[in-house]
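Below are some notes on the contacts between the parts of this model. Please read them alongside the coordinates.

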Amino acid sequence: MKKVYVNEEWCLGCHLCEYYCAGMNSGERDLVKAFSREKKPLPRIRVEEGTDVNFAVQCRHCAVPYCVKGCITGALSVNDGVIVCDQTRCVGCLTCVLSCPYGCIVRDEEAHVITKCDLCLSRNATPACVEGCPNKAIVLEDRE
Amino acid sequence: MLNYVIIGNSAAAIGCVEGIRKLDKDTPIVIISDEPHRTYSRPLISYRLGGQTKHDKIFYRGENFYTDNNVSTLLGKRVAKLNASSVTLSSGEEIAFGKLLVATGSKPFVPPMTGLDNVKNKFTFMDLDSSIAIDGLVTNGAKSALIVGAGLIGLKAAEALLLRGVAVTVIDMAAKVMPSVLDDEGSALIKARLEQNGAKFILGTVADKFDEATAYLKNGDKVDFDVLVLAVGVRPNTELVKEAGGEVGLGIKTDKFQKTTLDNVYAAGDCTESFDITAGKDKILALLPNAYLQGEAAGVSMAGGEMPYDKAIPMNAIGFFGLHVISAGDSMRTDGKVYAEQIKDKSGNVTGYKKLVFGENKLVGYILIDEVDRAGIYTSLIREQTSLSDVDVTELEKSPRLMLYGKSYRKEKLGGQV
């Protein structure tokens with residue numbers, strides 16, 4: 001299965017992937033409009049900055065998904081290898097935040113739910129982070 | 001092979017079905033449960049009562065789960081006896097099994113209290129029916145509630161009732177709330193958040209006597225109530241295995257494949273003991289993720305595979321009125337290094353804290369209150385018993401980031417298959 005990978009040697013730490021991710025997942029194609037809304041869109045990818053290295057990280061879609069196994073409501077499930085969240089069933093208990101080894105579950109405090117990377121399946125396109133990365137540090141590849 | 005039979009219909013049972021079906025797509029599975037409902041999320045009974053979720057969203061799996069997995073259900077039926085290769089229902093009917101999972105959960109522990117029989121509206125708040133019944137009373141005008149027990153169940157009931165506009169009093173024998181999960185500081189923060197939202201606490205005392213709608217406390221206080229919730233504690237349902245001659249300690253004893261000492265009988269969930277790798281001893285870890293993982297491991301074993309469950313740790317994610325608490329491992333240990341930091345708002349008020357507890361060259365526990373993002377990075381260090389020699393401890397104390405790991409870890413975990 002194709003997943004998103006980050007080559008940290010190439011990551012500039014520019015955070016553009018976060019903006020593209022948040023913008024695209026807000027349903028608004030225009031980034032300026034998306035970020036002008038009262039409720040700021042949430043990125044599902046996160047850039048970690050270090051002294052000599054930066055990298056972006058988002059859901060690894062683990063083969064042993066502790067978030068799914070531990071989900072108290074059944075909102076999280078694996079759909080053809082992609083871990084997805086049914087927000088109508090999520091109550092924001094954050095057991096998945098407790099469980100995820102990579103810290104890739106994002107809280108939507110206002111809506112009392114979580115959100116996470118679904119490889120942009122919901123918008124049926126190449127992941128926005130991959131598309132937008134100016135240095136091609138983020139790639140969509142099958143490494144199985 | 002003969003049927004798989006599962007006694008129970010919650011997380012451990014569903015984990016077992018999903019575990020079995022990884023390897024065996026065909027052999028029929030029979031689920032027997034004394035509750036009349038299809039599988040639902042037990043923790044959601046408080047969210048349903050509080051109006052934080054809707055009735056049709058409390059079900060743990062989709063409507064077609066049983067048919068999709070070739071599972072037949074015997075709901076509203078109680079297993080009375082466990083035999084060598086069958087179970088006997090209280091109706092006398094006998095169901096044969098090839099492999100059996102005991103996932104009987106726990107039952108409320110209610111200490112003897114004078115006059116409790118006089119109370120009509122009393123609940124233990126352990127199942128959906130009690131949530132529906134309390135919901136009905138509140139809808140019909142119940143205005144006040146007394147909750148006996150300030151543990152997780154009691155406090156979630158309190159939050160739900162407060163959200164419904166009910167006046168809530170919580171009493172507990174202990175001097176603090178959530179004594180089994182939180183230290184004094186954390187406990188005080190949770191108590192304060194509930195108080196800000198209307199809860200009244202009377203701690204360090206017990207109920208001496210009850211009339212129909214009044215409790216008389218040992219400290220002399222008198223509390224009137226329309227609804228009484230008894231949430232003192234829970235005990236594992238071990239009787240079936242015990243009476244059949246299986247080994248039982250605090251809970252049902254199993255090996256790491258969840259097999260009991262009885263032939264072809266497995267056990268998972270709140271009725272069992274788990275080996276807590278952070279405390280180094282067997283404990284009851286009555287937690288939903290633990291139940292699912294045990295059930296799944298049992299299911300794989302029952303179907304002939306091997307999936308040891310040997311990384312059990314205590315862990316909790318809970319919130320009250322937007323204040324989140326996440327904890328894992330042995331967070332109460334005091335004999336090693338402890339890193340603590342307060343979280344303050346702009347005015348300098350303490351809103352939460354971070355506490356990291358270290359053992360011999362590893363992280364063994366933590367509590368995060370208010371700032372809980374990415375907590376799972378800490379959980380993983382505990383679960384995998386990662387050596388601190390392999391991580392940047394200063395970075396670890398600062399915040400949970402993957403940067404604390406070295407380059408080779410990142411290459412393997414972020415660049416490869418996990």
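This is a predicted model: local features need pLDDT of at least 70, side-chain atom pairs count only at pLDDT 80 or more; totals for chains, interfaces and linings use all residues.

1. Nine residues of domain 1 of chain A and 15 residues of domain 2 of chain A make the contact (heavy atoms within 4.5 Å).

2. Residues are numbered from 1 along each chain as its sequence is written, chains are lettered from A and ligands numbered from 1 in the order written, and side-chain values use heavy atoms, without hydrogens and water.

3. Domain 1 and domain 2 of chain A bury about 900 Å² between them, 57% of it on carbon and sulfur atoms; buried area is the accessible area (1.4 Å probe) lost by two parts on being put together, summed over both. One salt bridge is counted between the domains (Lys or Arg side-chain nitrogen within 4 Å of an Asp or Glu carboxyl oxygen). A:Asp108 and A:Lys39 pair in a salt bridge at 2.8 Å, N to O.

4. Between the chains, 51 residues of chain B are in contact with 39 residues of chain A. The buried area is about 3,700 Å², with 53% from carbon and sulfur atoms. On the chain B side, B:Arg374, B:Gln417 and B:Val418 lose the most area to chain A, together 18% of what that side buries.

5. Six salt bridges are counted between chain B and chain A. B:Lys407 forms a salt bridge with A:Glu8, with the closest N and O atoms 3.2 Å apart.
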